[in-house]
Amino acid sequence: MYRICRIVLMAGLMALAGCAVASNSVVKSSRPDAGVSVREGSLYVYTFLDLREAYFGADMLTALNRQLVEKLAAGGVKTKVLTFMSTDAGRYFPNTGASADVPVEKVIAGNRAEETVADARYRLVVFPLTTRMIGAWFIYDLRWELIDGKTDHVVWTVKTHGRHLALWSRNEMPDDRAALIVDDFIAEMKKSGLL
Amino acid sequence: MSIPGKCLCRIAVVAALALLAGCASHTFEKSIKSVADANLKGSRVEVYMLLDFRESSYGPDTLALFETRLGSRLAAANVATEMTAFRDTSVGHYFSITDTNAIVPVERVVRSNAARMKAFGAQYSLFILPTMTSGDSNHFTVTWVLGDNSHNAKVWEGVSQINTDYIWSTDYRSDTYADFLLDPFMAELKKQKLID
């Protein structure tokens with residue numbers, strides 16, 4: 001009954017507003033360097049989105065990581081995922097929700113040995129550039145950087161922009177919201193000839 | 001999923017009407033020239049365009065147009081510029097920004113850009129800082145500081161108050177808003193005789 005009420009209320013609000021409750025789009029995408037192939041070796045994904053778990057919701061982030069691995073696997077890419085808060089740098093990071101200088105390079109440097117074990121030719125850094133709330137709207141900008149593991153050179157960059165209307169909680173509709181983000185990124189990889 | 005066309009149309013009409021009604025304003029509430037005879041004509045200026053610290057409020061398209069036009073308008077006044085945005089620096093690259101109060105790490109940005117600025121030969125530095133941004137992106141305070149690099153002295157400081165009528169996306173009228181940010185600044189530089 002509660003679930004039906006929520007669905008009816010959401011549908012009503014959507015009808016009144018005439019707008020979608022979530023959206024995502026690619027706003028910038030660079031041309032990848034020539035000869036880049038993520039099917040060579042495996043891809044090591046460093047996701048720093050859990051720094052903003054309070055905004056995204058834990059369930060959504062879990063769904064996002066799972067979907068990213070699945071959809072990359074469907075494209076023939078072996079993937080390993082490392083989340084920021086699971087690292088030493090993340091565990092001891094004073095996360096107050098404020099703007100912060102994130103020790104991305106330190107995390108990567110501390111994981112070099114694991115990259116070698118995983119035979120990771122490239123790494124993908126998923127970074128929350130900005131996150132903000134306007135009323136019940138959660139708005140975010142993400143940057144996806146594909147980096148050559150041998151040279152540390154950034155070979156491809158994508159920036160995405162999204163928003164989500166948190167009707168009940170930040171953790172609602174985790175699979176749908178994750179799919180919006182992952183599907184756009186995978187589509188851009190395909191469009192760029194990387195998948 | 002995305003916002004349907006009908007919704008965008010409604011937003012466009014309201015935004016356009018509000019602008020036409022003159023609800024938007026950009027005024028300098030402070031403008032102090034510390035070096036009376038300072039003039040930028042023939043000079044090189046390193047512009048630290050740090051408004052992208054609040055890019056999600058100003059809009060990336062608006063800021064990109066603002067940066068391009070600022071360079072062009074100063075070039076027309078015989079002032080050569082090199083632009084440095086926050087995200088272009090090593091400090092800004094992995095800086096995650098939320099809508100809480102934050103201190104823009106200006107000193108670290110300048111230090112990280114020292115070699116580039118020296119190679120450009122900038123005699124002056126112009127800092128454009130997002131001092132205050134309201135949560136609804138309707139009100140902004142921008143601080144503009146012009147410094148003499150060789151004497152390490154402030155030449156001019158301005159503070160402007162901006163009220164806008166952004167309904168949804170600041171980039172919806174990026175062409176208009178870029179000039180809305182820029183025109184009062186250029187007028188103030190002329191008023192202070194910093195450009196001819």
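1. A:A100 is found in strand β4 (residues 100-101) of chain A; helices (H or I, at least four residues) and strands (E, at least two) are DSSP runs, numbered from the N terminus. The model is a predicted one, in which local features need pLDDT of at least 70, side-chain atom pairs count only at pLDDT 80 or more, and totals for chains, interfaces and linings use all residues. Residues are numbered from 1 along each chain as its sequence is written, chains are lettered from A and ligands numbered from 1 in the order in which they are written, and side-chain values use heavy atoms, with hydrogens and water left out.

2. A:A100 counts as buried because its relative accessibility is 13%; buried means under 20% relative accessible area, exposed over 50%, and partly exposed in between (1.4 Å probe, protein chains only). Apart from neighbours within four places in sequence, A:A100 is in contact with A:R52 and A:F93, and also with B:Y94, B:F95 and B:S96 of chain B. Contact here means heavy atoms within 4.5 Å. The C-alpha atom of A:A100 is separated by 31 Å from that of A:S192, which is 92 residues away along the chain.

3. On confidence, the model scores ipTM 0.88 and pTM 0.86. Chain B has a mean pLDDT of 88, with 85% of its residues at 70 or more; pLDDT is the predictor's confidence in each residue, from 0 to 100.

4. Chain A comprises seven helices and seven strands, in the order α-β-β-α-α-β-α-β-α-α-β-β-β-α from the N terminus. Of its 195 residues, 52% count as buried. Of the contacts in chain A between residues at least 6 apart in sequence, 71% join residues at least 24 apart. Chain A exposes about 9000 Å², and carbon and sulfur atoms supply 57% of that area; accessible areas come from the Shrake-Rupley method with a 1.4 Å probe, and for residues only the protein chains shown count as cover.

5. Helix α3 of chain A (residues 58-74) has 17 residues, which at 1.5 Å a residue should span 24 Å; its end C-alpha atoms are 24 Å apart, so the two values agree. The expected span of a helix is 1.5 Å times one less than its number of residues. Buried residues in α3(A) are A:M60, A:L61, A:A63, A:L64, A:N65, A:Q67, A:L68 and A:L72. The cover over the buried residues of α3(A) includes β2 (42-47), α2 (53-56), β3, β5 (120-134), β6 (137-148) and α7 (174-191) of chain A. After α3(A) comes A:G76, with a positive phi near 85°.

6. A:T87 occupies the loop between β3 (78-83) and α4 (88-91) of chain A. A:T87 counts as buried because its relative accessibility is 10%. Its side chain reaches the backbone nitrogen of A:G90 at 3.0 Å. Not counting residues up to four places away in sequence, A:T87 touches A:L82 and A:V107.

7. The largest nonpolar core has 36 residues, and the members that touch the most others are B:L51, B:F66, B:L70, B:I128, B:W156 and B:F185. Elements of chain B that each supply at least two residues of this core are β2 (44-49), α3 (60-76), β5 (124-133), β6 (139-148), β7 (153-163) and α7 (174-191). The largest share, eight residues, comes from α7(B). A nonpolar core is a set of buried Ala, Val, Leu, Ile, Met, Phe, Trp, Tyr and Cys residues joined through side-chain atoms within 4.5 Å.

8. Leaving aside neighbours within four places in sequence, B:F185 is in contact with B:F28, B:L70, B:L126, B:W144 and B:W156. Apart from this core lies another, of 34 residues, among them A:L61, A:L64, A:M133 and A:W156.

9. The 18 residues of α7(B) should span 26 Å at 1.5 Å a residue, and its end C-alpha atoms are 26 Å apart, which agrees. Buried residues in α7(B) include B:Y177, B:F180, B:L181, B:F185 and B:L189.

10. Two residues of chain B deserve a check of their backbone angles. B:N152, in the loop between β6 and β7 of chain B, has a positive phi near 50° although it is a residue other than glycine. B:N152 counts as exposed, at 73% relative accessibility. B:K193 lies in the segment after α7 of chain B and is likewise a residue other than glycine with a positive phi, near 60°. At 60% relative accessibility, B:K193 counts as exposed.

Methods
A polar contact is a pair of N or O atoms within 3.5 Å; within protein, one must be able to donate a hydrogen and the other to accept it, and residues adjacent in sequence count only if both atoms are side-chain atoms.
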